[in-house]
Amino acid sequence: PMIRDVVTPGADKDLSRIRANAFPVFAPTGQFTFRYMRYWIETGHRRAEVPLIPKQLAALDALDSALEHHNHIHTFRMAQGDQLWINNRCIAHDRRAYAEAPDQPRHMVRMWVKHG
């Protein structure tokens, strides 16, 4: 398991909560899961005072390299009114920076959907 900083808005972010927020990047728990946010892993380890060891950093570098390979990337443009629904536990995703039109500010709604 790798420690991840607590990023949920409004959540308690004390040191014990951060240290307890640890999970593997890949896990075959009933359904295969993939949970990777390198920035928050590095931040969590730093805040928990548990340094990542060289082998862990090398593994994260290798994963980043694989994720950034052009054969593993699907790029598309979203238009006004588009919605994107993804399962954060099995789909790696990112976005590029964007320029917001001054007369049309972006409206983003974030939600968590629990199934089952």
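# Exercises on a predicted model

Directly after helix 2, Glu49 adopts a positive phi of about 60°. Helices (H or I, at least four residues) and strands (E, at least two) are DSSP runs, numbered from the N terminus. The model is predicted, so local features need pLDDT of at least 70 and side-chain atom pairs count only at pLDDT 80 or more, while totals for chains, interfaces and linings use all residues. Residues are numbered from 1 along each chain as its sequence is written, and side-chain values use heavy atoms, with hydrogens and water left out.

## Exercise 1

Determine where Glu49 lies and whether Glu49 is buried or exposed.

Solution. 

1. Glu49 is found in the loop between helix 2 (38-48) and helix 3.
2. The terms are set by relative accessible area: buried means under 20%, exposed over 50%, and partly exposed in between (1.4 Å probe, protein chains only).
3. Glu49 counts as exposed because its relative accessibility is 63%.
4. The phi of Glu49 is a positive value in a residue other than glycine. Most residues other than glycine have a negative phi.

## Exercise 2

Describe the order of the elements and the extent of the chain.

Solution. 

1. The chain contains three helices and four strands.
2. Read from the N terminus, the order is β-α-β-β-β-α-α.
3. The C-alpha trace spans about 45 × 35 × 35 Å along its principal axes.
4. The chain has 116 residues, and 21% of them count as buried.
5. Contact means heavy atoms within 4.5 Å. Among contacts in the chain with a separation of 6 or more, 49% come from residues 24 or more positions apart.

## Exercise 3

State which residues of helix 2 are buried and which elements they pack against.

Solution. 

1. The buried residues in helix 2 are Arg38, Ile41, Thr43, Gly44, His45 and Ala48.
2. These buried residues pack against strand 1, helix 1 and helix 3.
3. For Arg38, the relative accessibility is 17%, so this residue counts as buried.
4. Neighbours within four places in sequence aside, Arg38 is in contact with Leu57, Leu60, Asp61 and Asp64.

## Exercise 4

Identify the partners of Arg38 in salt bridges, and state where each partner lies.

Solution. 

1. A salt bridge is a side-chain nitrogen of Lys or Arg within 4 Å of a carboxyl oxygen of Asp or Glu. Side chains of opposite charge can pair when their charged atoms come close.
2. One partner is Glu42, with an N to O distance of 2.8 Å. Arg38 and Glu42 are four residues apart in helix 2, so about one helical turn separates them. An α-helix has 3.6 residues a turn, so residues three or four places apart point the same way.
3. Glu42 is partly exposed, with a relative accessible area of 27%.
4. Another partner is Asp64, at 2.7 Å from N to O. This pair links distant parts of the chain, with Arg38 in helix 2 and Asp64 in helix 3, 26 residues apart.
5. Both Arg38 and Asp64 are buried.
6. A network of salt bridges links Arg38, Glu42, Asp61 and Asp64.

## Exercise 5

Solution. 

1. Asp5 counts as buried at 4% relative accessibility, whereas Arg47 counts as partly exposed at 38%.

## Exercise 6

Name the residues of the nonpolar surface patch, and locate Ile86.

Solution. 

1. Patches are made of residues with over 30% relative accessible area and no salt bridge; like charges are joined within 9 Å, and nonpolar side chains (Val, Leu, Ile, Met, Phe, Trp, Tyr) within 5 Å.
2. Phe76, Met78, Leu84, Ile86 and Ile91 make a nonpolar patch of about 450 Å². Accessible areas come from the Shrake-Rupley method with a 1.4 Å probe; for residues, only the protein chains shown count as cover.
3. Ile86 is placed in the segment after helix 3 (54-68).
4. Ile86 counts as partly exposed because its relative accessibility is 35%.
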